[in-house]
Amino acid sequence: TAENLMENIAQDNASEVDIDESFCKKYSTVAFTMLKNEYTSEGGNVVISPLAACYNLAMLANGAEGSNLSEIERTLGGFVNYEALNDYMHSFSEKLIDTDKAKLYFENAIWCNADKNVELSNEFLSAAKTYYGADAYKESFGKTAVANINNWSSNKTNLNAEYIIDDLPTDAPLYVVNATVLDADWEAPISAENVSDGT
């Protein structure tokens with residue numbers, strides 16, 4: 001039921017850049033700041049993916065301006081030269097390779113609310129597709145959209161992430177989603193008796 005916005009969007013060639021120690025240190029600073037802020041705001045145990053958040057923000061920066069762009073730049077402050085951000089993010093994801101014992105699913109998508117006056121430019125969609133491997137869809141937000149997002153995640157992760165959202169605000173103009181799964185063998189398997197039920 002969702003319109004595929006990427007159907008006629010060209011995918012350009014991304015430049016490969018060197019992922020050096022300076023880049024990794026800057027990413028680590030941003031990632032730990034995100035984790036610290038999230039833990040402080042929630043006041044408990046929180047599981048987030050700073051990598052997914054950075055990718056989504058970097059992807060959105062291509063279509064942002066004014067205060068929205070300033071907020072993204074503040075959050076990713078000092079990460080990298082913004083003119084080269086797309087190339088860095090693409091090159092970084094290319095380094096995340098699978099092995100015989102580990103498979104990484106790292107998928108991005110944009111969902112646009114058909115009931116809101118939001119139009120995504122071809123340039124923005126092309127950047128999202130080229131550098132972030134993103135899909136993009138447009139439909140009215142509601143139960144069907146929730147089901148479609150969860151089906152997208154399930155299909156993209158080989159059924160490893162079947163449910164990533166429970167609800168979708170009908171007044172939201174845009175939703176950026178990420179499905180990240182590391183399917184790997186533990187070096188030392190965890191037994192059931194060593195897992196806490198939270199009580």
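Helices (H or I, at least four residues) and strands (E, at least two) are DSSP runs, numbered from the N terminus. The structure is a predicted model, in which local features need pLDDT of at least 70, side-chain atom pairs count only at pLDDT 80 or more, and totals for chains, interfaces and linings use all residues. Residues are numbered from 1 along each chain as its sequence is written, and side-chain values use heavy atoms, with hydrogens and water left out.

The predictor's confidence in each residue is given as pLDDT, from 0 to 100. For this chain the average pLDDT is 86, and 90% of the residues score at least 70. Among the elements of the chain, strand β3 (residues 135-139) has the highest mean pLDDT, 97, while helix α1 (residues 21-42) has the lowest, 82.

A salt bridge here is a side-chain nitrogen of Lys or Arg within 4 Å of a carboxyl oxygen of Asp or Glu, and the whole structure holds 5 of them. One of them joins K25 to E21, with the closest N and O atoms 3.3 Å apart. The two residues are 4 places apart in helix α1, which means that about one helical turn separates them. To describe their surroundings, relative accessible area is used: buried means under 20%, exposed over 50%, and partly exposed in between (1.4 Å probe, protein chains only). K25 is exposed at 52%, and E21 is exposed at 57%.

Helix α3 (residues 66-75) contains another pair, E71 and R74, which sit 3 residues apart, about one turn of the helix. Their salt bridge has its closest N and O atoms 2.6 Å apart. E71 is partly exposed, at 42% relative accessibility, whereas R74 is exposed, at 58%.

A further salt bridge links the side chains of D135 and K156, at 3.2 Å from N to O. D135 belongs to strand β3 and K156 to helix α6 (residues 143-156), so this pair ties together parts that are 21 residues apart in sequence. D135 is buried, with a relative accessible area of 16%, and K156 is partly exposed, with 31%.

The last stop is N56, a residue of helix α2 (residues 50-61). N56 is buried, its relative accessible area being 13%. Contact means heavy atoms within 4.5 Å. Apart from its neighbours within four places in sequence, N56 is in contact with N108, V176, V177 and N178.
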